[in-house]
Structures are given as structure tokens and as C-alpha cells.
Amino acid sequence: MKIFNVYTDGSFGDDGATHGGIVFVKSDNSEVSSVIHVQTKIREFVAMRNVGGEVLAAWSAIYAVANTVKNNNETIGLETYQLNLTYDYEGVGKWLTGQWNCKKHATQWYRDSLKAILSTVPNLKLNLIWVRGHMGNHFNEMA
């Protein structure tokens, strides 16, 4: 089984954009393999400030891994994959699982588009892992 460990976080800048950080960590959780910055000025996300950035980062991370898995399915078959997504805003997971209602357009889009994306990769298991923000989780702090 191939394992992806990904950490996300969001922030809001003075530039009128909301930002997200994504940290991909090697499968043994020993070191960073890549770091990605995403940002948007789409008003539905900007209105959510740092939460909008974290939603964008989580969506981008899941999208990237799902597409990697989909491409691998075409070349090497249905190997099993696991994505451990660690985040510090509870809504990232609770909107996907239905524990929280999606009241805003951005959260509805997040939930609906990710469900559609994940339905195309049945061999990808998504583990949603919430951690308290700014409590010393090294890779979450890096994101």
C-alpha cells in the first residue's frame, strides 16, 4: 500500500487573498518531500479568511493525490493507496463526513467536488486527522 501523509493550514494576508499551505511528508513521516502554497482571491473563500485558505489547501491536496492515484491506475492497476490528511480546522473533515452542514457556497463546493473526485478513485482511502492548531505539530506548523 502506498501512503501519502499531507498536512494543511490556512492563513489570510493583507494582499486581499486567502492562502493555504500544503506539506507532503514521506510515508514514514520522517521528512518533508514537498511544500506547496496555494492562494485565491475568489470572494467566497476570501470571506472565510484563514478557513478559506485551509479549505483550498485541503481540496488541492486531495485533488493532487486523487489524480496521482488515477494516473497510476491507468499504468499499473488498482494498487491500494491511503491519504492521511492532517489539518487543524475541524470543518475540513466534518464538512466531508456530513457532521457539519455546508452553509456557504465555498463549503458546498468543497464537499461536493471532493466527493465526486473521490468517487473516481475507489482504491484511495482518505483518513481525516484533526489536530489542534499551533500546538507543536511540526508539519502542521510548517503548513
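Residues are numbered from 1 along each chain as its sequence is written. Because the model is predicted, local features need pLDDT of at least 70 and side-chain atom pairs count only at pLDDT 80 or more, while totals for chains, interfaces and linings use all residues; side-chain values use heavy atoms, without hydrogens and water.

**Sheet**

Helices (H or I, at least four residues) and strands (E, at least two) are DSSP runs, numbered from the N terminus. Five strands make up an open sheet of mixed pairing, in the order β3-β2-β1-β4-β5; two strands pair if DSSP finds at least two bridges between them. β3 (32-40) and β5 (124-130) are the edge strands, each pairing on one side only. From one strand to the next the twist averages 20°; axes are lines fitted to C-alpha atoms, for helices over the stretch in contact, and angles run from 0 to 180 degrees between N-to-C directions.

β2 and β3 are antiparallel and share eight bridges, with Val35 in β3 as the bridge partner of Val23. The two strands form a hairpin with six residues between them, and Asn29 in its turn has a positive phi of about 60°. β4 (residues 81-87) runs parallel to β5, joined by seven bridges; Leu128 in β5 is the bridge partner of Leu85.

**Helix α2**

Helix α2 (residues 50-76) has 27 residues and spans 38 Å from its first C-alpha to its last, close to the expected 39 Å, which is 1.5 Å times one less than the number of residues.

**Aromatic contacts**

There are eight aromatic pairs. Rings of Phe, Tyr and Trp (its six-membered ring) pair if their centres lie within 6.5 Å; planes under 30 degrees apart count as stacked, over 60 as edge-to-face and the rest as tilted. Two of the pairs are tabulated.

| Pair | Centre to centre | Between planes | Class |
|---|---|---|---|
| Phe4 and Tyr81 | 6.2 Å | 25° | stacked |
| Tyr89 and Trp95 | 5.8 Å | 40° | tilted |

Phe4 in β1 and Tyr81 in β4 are 77 residues apart. Phe4 is buried at 14% relative accessibility, and Tyr81 is buried at 2%; buried means under 20% relative accessible area, exposed over 50%, partly exposed in between (1.4 Å probe, protein chains only). Tyr89 is partly exposed at 27%, whereas Trp95 is buried at 7%. Ring pairs also link Phe45, Trp59, Tyr63 and Trp109 into a cluster.
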